[in-house]
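Thanks for coming. I will walk through one model this morning, element by element, and I will keep to what can be read from it.

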Amino acid sequence: MRFLFLFISFFLLNSTCLIQATERIQLSGIWRFQLDPMGFGKTPGSELYLSKLTETIVLPGSTDEGGKGIQNFVSHVDRLSRKFEYCGQAWYQREVVIPESWKGKEIILNLERCHWETAVYVDGKPIATKERLSTPNRFNLTQQLTPGIHTLTLCVDNRLKYPMDQWNHGTTEYTQTNWNGIVGDLSLQAMNPNYISNVKIYTDIENKKVTAQICFAPSKSSVKGDLLLEIKEKEGKTIASKPVKVVLSDSVFQIEETLNINRPIELWDEFNPSLYTLDFQWSTPYGEENKSEQFGFRKIEQGKHHIRLNNHDIHLRGVLDCAVFPLTGYPATDTDSWEKIFRTIKEYGMNHVRFHSWCPPQAAFHAADRLGLYLQVELPMWIKDVGKYPARRQFFEEEMYAILNEYGNHPSFILMCNGNENEGNFDVLEDLIIKGQQYDNRHLYSASTARTHVKADQFYVSHLTHKGWITVYEGKPSTDWDRNVESDIDVPVIAHETGQRCMYPNFAEISKYTGVLEARNFNVYRERLARNGMLHQADDFFRATGAHTVLQYKEVNESLLRTSQSGGFQLLGLSDFPGQGSAFVGILDAFWEDKGLVSPEKFRESCAPTVLLARMPKRVYNENETFTAQLGIYHFGNKDIKRGKVNWALTDEAGRELKKGNLSHQAIQSYTVTDSLAKIDIPLEDIKSAGKYTLHVALGACHNEWDIWVYPSKTEANEENLFFTESWETARKMLSEGKQVLFVSQSVQGRKTQFASHFWNPIMFNWDPMIVGTLIEHTHPSLSDFPTSYYADWQWWDVLNYGTAIDLTALSSVTPIIQSIDTYEENRKLGIAFEIKSGKGKLFVLCADIHKDIDKRPAMKQLMYSIKNYVGSDRFQPQNEVPTYMLDALFDTHVQKKKENNSSDAINQLLNK
């Protein structure tokens with residue numbers, strides 16, 4: 001393996017980026033430029049590298065930022081729209097002046113992030129071509145850049161070099177865009193011959209040792225030098241040092257040295273991200289070189305059900321990063337930008353980021369090291385025909401080695417995966433990770449997220465195992481369940497892309513898109529909403545669906561925290577995903593900024609190192625029942641919790657305590673989950689009014705809460721002044737007689753509703769019912785005996801899973817009381833309940849099944865009681881009139897229902913079957 005390390009290090013041209021005291025010429029600024037859409041610039045007779053290019057552009061940057069390419073006026077509905085689009089060869093050119101002092105030096109051209117294939121020419125001569133997407137492309141130009149003036153020409157080609165599916169986030173148009181350009185560090189670097197080209201740092205936390213594998217630039221003859229290695233703490237104090245006499249030759253250009261530390265060390269983790277530096281002072285007859293590499297003391301292992309860090313289990317509370325950069329269209333390369341994103345992620349209780357089918361720049365690793373985040377890095381791979389193209393397979397192997405060389409010393413880099421939901425020959429994928437394990441064992445490896453689990457996997461991120469589903473997309477009224485059985489396999493299991501509950505877009509975000517991408521899809525949605533007369537409801541739609549997503553994510557997160565055998569989860573998402581149909585699944589927008597839906601403090605009640613849990617059989621009770629909750633605790637904090645008291649209280653909506661108490665608990669070990677913290681039994685007989693009540697539980701500074709609903713067991717509505725029917729013919733007759741009519745229809749043509757909002761987004765997954773949420777006119781008098789908020793909370797489970805939403809778009813004056821929110825692509829007006837005047841009478845319509853399992857649906861009973869009390873009273877005064885013939889069109893029983901998608905078809909589509 002030592003030979004493999006040497007070979008790959010030089011094959012990738014010294015890819016480790018060390019902090020070093022060397023001479024450097026920055027190449028940022030104005031470059032000459034020319035597009036080459038026909039791709040003739042490399043062909044004989046048309047060589048652009050022999051010409052003086054005629055336009056200009058600023059680097060670092062992209063053709064989009066430079067306003068180059070085809071000006072785009074299209075409003076894409078399924079993604080953001082680029083102002084300028086270009087795919088092909090683009091040429092960049094400038095002069096460089098090499099100082100006399102660089103004579104005899106090794107000169108390296110650093111291009112931190114290119115997209116994609118990059119060719120280099122000096123003074124009209126082709127030098128080399130490279131194709132790294134995930135790491136810098138570096139070119140040794142020592143022979144060409146002699147002292148004096150030279151013309152440096154670069155050709156960047158962003159066409160897909162190998163057959164790729166359209167989705168991977170290293171090249172996709174749907175997130176970072178398939179941009180053309182060069183970003184990050186652009187520089188020429190002069191170094192002494194035999195400079196230190198690559199370093200791997202291995203830490204031994206038990207024996208307090210650091211081993212460095214040091215690779216030098218090759219030597220044509222024997223060279224002797226003195227190397228001083230020093231380990232320093234963050235404050236700069238040296239805690240270990242070792243001088244080494246080094247002799248290099250054409251066959252010896254790597255050494256391995258171990259430093260012993262004779263004092264306590266601090267281990268790196270999410271709670272204490274302690275960092276050290278390994279400094280190198282390298283002296284040869286050519287001069288002196290000083291370099292520094294940052295690292296952390298940490299040990300990563302595969303446990304039974306968890307990743308193990310520093311000899312204890314960790315649980316990954318993760319989010320996905322899908323390379324969404326709406327202002328630039330390419331990834332940030334500065335540490336400040338990444339620290340802002342990562343601080344936000346940690347504020348919301350997360351400790352893990354999965355880079356979905358891409359690898360971020362160096363700055364992201366530095367930020368994660370400093371803040372204590374665990375990273376999963378992936379190749380730009382999301383393909384359905386793995387193994388088909390040998391050249392593509394070779395590209396992926398070289399890309400993997402480049403990633404390991406460039407970022408392998410970062411303590412935050414704990415997991416390496418080939419890519420997302422791959423299909424095809426898994427022997428090829430397994431071969432890749434076996435080679436990765438042999439090359440660099442400082443990380444754990446997996447062949448692919450989802451689809452197939454292979455023997456060499458050291459962890460497995462998936463929707464399901466051979467034992468069943470592990471990913472949780474939505475909660476249930478009961479919280480007395482987990483995924484323990486399904487997660488109990490031979491490697492730690494991490495739930496793949498949990499949540500994915502879609503909400504309505506927030507049109508106030510449109511003004512944020514001031515860069516290369518515009519939210520023209522938002523404008524299309526808004527125009528269609530206005531056309532259907534509901535633009536005034538846009539913010540209500542956003543708030544109601546957003547609140548429901550927050551509710552779902554609390555339950556999704558807690559279900560996997562209850563799962564003691566879960567290795568973690570990866571939420572999709574904490575932030576929005578503006579591509580693949582436009583998936584507004586985040587409680588943060590695409591800029592990682594707050595939407596105003598939930599505070600970080602509130603979100604951390606159900607997603608943090610320590611979270612109180614409650615197993616409850618249901619959410620809705622009658623007053624003659626006893627509410628029972630088995631309390632537990634997820635405690636992956638770094639300190640044990642001593643024996644003490646758990647305080648609890650049951651409050652009403654005004655915050656008044658109806659019941660309260662405290663219970664003793666035993667000591668709680670860190671890095672564990674327990675269901676046996678305490679048990680609460682609360683008789684509800686003293687609750688006389690229907691309403692929402694909240695169980696609050698606190699242990700020290702840790703707090704969590706859960707809502708339940710209590711309704712009277714016996715209710716008799718005043719039906720003296722109303723006429724109730726389930727027949728439209730009868731309702732029509734009663735309206736002509738001037739009656740107050742409550743018409744309940746369960747056979748009307750429409751969309752069968754459900755409690756949960758749409759999965760991912762309705763443009764990509766267009767399966768029934770094509771509804772993104774529910775808006776409730778919660779202050780309407782028909783709901784006065786059915787206390788509710790403006791969105792679908794858990795008591796609505798009994799109603800919405802038995803409801804039908806009918807299309808009321810033609811009834812322009814009518815606003816539903818219970819309104820299903822249509823997809824933002826179509827924006828039809830959908831109603832479950834509404835009221836009108838028609839003929840001589842007044843009509844209240846409820847489209848729901850009020851019979852099936854009704855004895856198990858106390859909320860449905862209470863809703864009917866509230867509506868009947870309203871319709872039978874003088875409060876029933878509908879304001880809008882609709883002709884009877886328009887109602888005939890809605891409730892005509894002879895109209896054929898639209899064929900609905902089968903739910904199994906939806907699951908098959910999700911699994912790409």
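**A walk through the model**

Let me start with a pair of strands: strand β16, residues 196–204, and β17 pair in the antiparallel sense over eight bridges. Within that pairing, Tyr202 stands opposite Thr211 in β17. The two strands make a hairpin with four residues between them, and Lys208, in the turn, has a positive phi of about 55 degrees.

Strand β17 covers residues 209–216, and seven of its eight residues are buried. β17 also pairs with strand β20, residues 254–260, in the antiparallel sense over seven bridges. There, Cys215 has Gln254 in β20 as its bridge partner.

Before going further, a word on confidence. This is a predicted model. The protein chain averages a pLDDT of 94, and 95% of the residues score at least 70. Where does pLDDT stay under 50? One such stretch is residues 1–21, for which the model has 76 contacts beyond four places in sequence. Another is residues 895–903, with 13 contacts of that kind. Where pLDDT is low, the predicted coordinates should not be read in detail.

Now to the sheets. Six strands form an open sheet, in the order β4-β3-β9-β14-β11-β12, and the pairing is antiparallel. Which strands stand at the edges? They are β4, residues 55–59, and β12, residues 125–130; each has a single partner strand, so one side of each is left without a neighbour in the sheet. Neighbouring strands of this sheet are turned by 30 degrees against each other on average, direction ignored. At the β4 end, strand β3, residues 29–36, pairs with β4 in the antiparallel sense over five bridges. Phe33 stands opposite Glu55 in β4.

Another open sheet has three strands, in the order β37-β39-β42, again with antiparallel pairing. Here β37, residues 610–615, and β42, residues 672–683, are the edge strands; each has a single partner strand, so one side of each lacks a neighbour in the sheet. β37 and strand β39, residues 626–635, pair over six antiparallel bridges, and Val611 stands opposite Tyr634 in β39.

Next, a single residue. Thr479 sits in the loop between β33, residues 468–469, and α6, residues 484–487. Is Thr479 buried or exposed? Its relative accessible area is 1%, and buried means under 20%, so Thr479 counts as buried. Leaving aside neighbours within four places in sequence, Thr479 is in contact with Glu555, Arg562, Ala614, Arg615, Met616 and Arg619. Thr479 and Glu555 are 76 residues apart in sequence, and their C-alpha atoms are 7.8 Å apart in space.

Now a helix, α7, residues 520–531. At 1.5 Å a residue, its 12 residues should span 16 Å; the end C-alpha atoms are 17 Å apart, which agrees. Which residues of α7 are buried? They are Arg520, Asn521, Phe522, Val524, Tyr525 and Leu529. These buried residues pack against β7 (81–82), β35 (517–518) and α8 (538–561). Just after α7, Gly533 takes a positive phi of about 75 degrees.

Phe522 and Tyr525 belong to a cluster linked by ring pairs, along with Tyr504, Phe507, Tyr513, Phe541, Phe584, Phe591 and Tyr824.

How many aromatic pairs are there? The count comes to 54. In one of them, the rings of Trp179 and Tyr330 have their centres 5.3 Å apart and their planes at 45 degrees, so the pair is tilted. This pair links distant parts of the chain, 151 residues apart: Trp179 is in the loop between β14 (148–157) and β15 (181–191), and Tyr330 is in the loop between β26 (316–321) and α2 (335–347). Trp179 and Tyr330 are both buried.

Trp728 and Phe891 form a tilted pair too, 5.1 Å centre to centre with 45 degrees between the planes. Trp728 lies in helix α10, residues 728–736, and Phe891 in helix α13, residues 884–891, so the pair ties together parts that are 163 residues apart in sequence. Trp728 and Phe891 are both buried.

That is where I will stop.

Methods: Residues numbered from 1 in each chain as written. Predicted model: local features only at pLDDT ≥ 70, side-chain atom pairs only at ≥ 80, totals over all residues. Heavy atoms only, no water. Expected span 1.5 Å × (residues − 1). Buried < 20%, exposed > 50% of the residue type's maximum accessible area, 1.4 Å probe, protein only. Contact = heavy atoms within 4.5 Å. pLDDT = per-residue confidence, 0-100. Pairing = 2+ DSSP bridges. Phe/Tyr/Trp six-rings, centres within 6.5 Å; stacked < 30°, edge-to-face > 60°. Axes fitted to C-alpha atoms, helices over the stretch in contact; angles between N-to-C directions.
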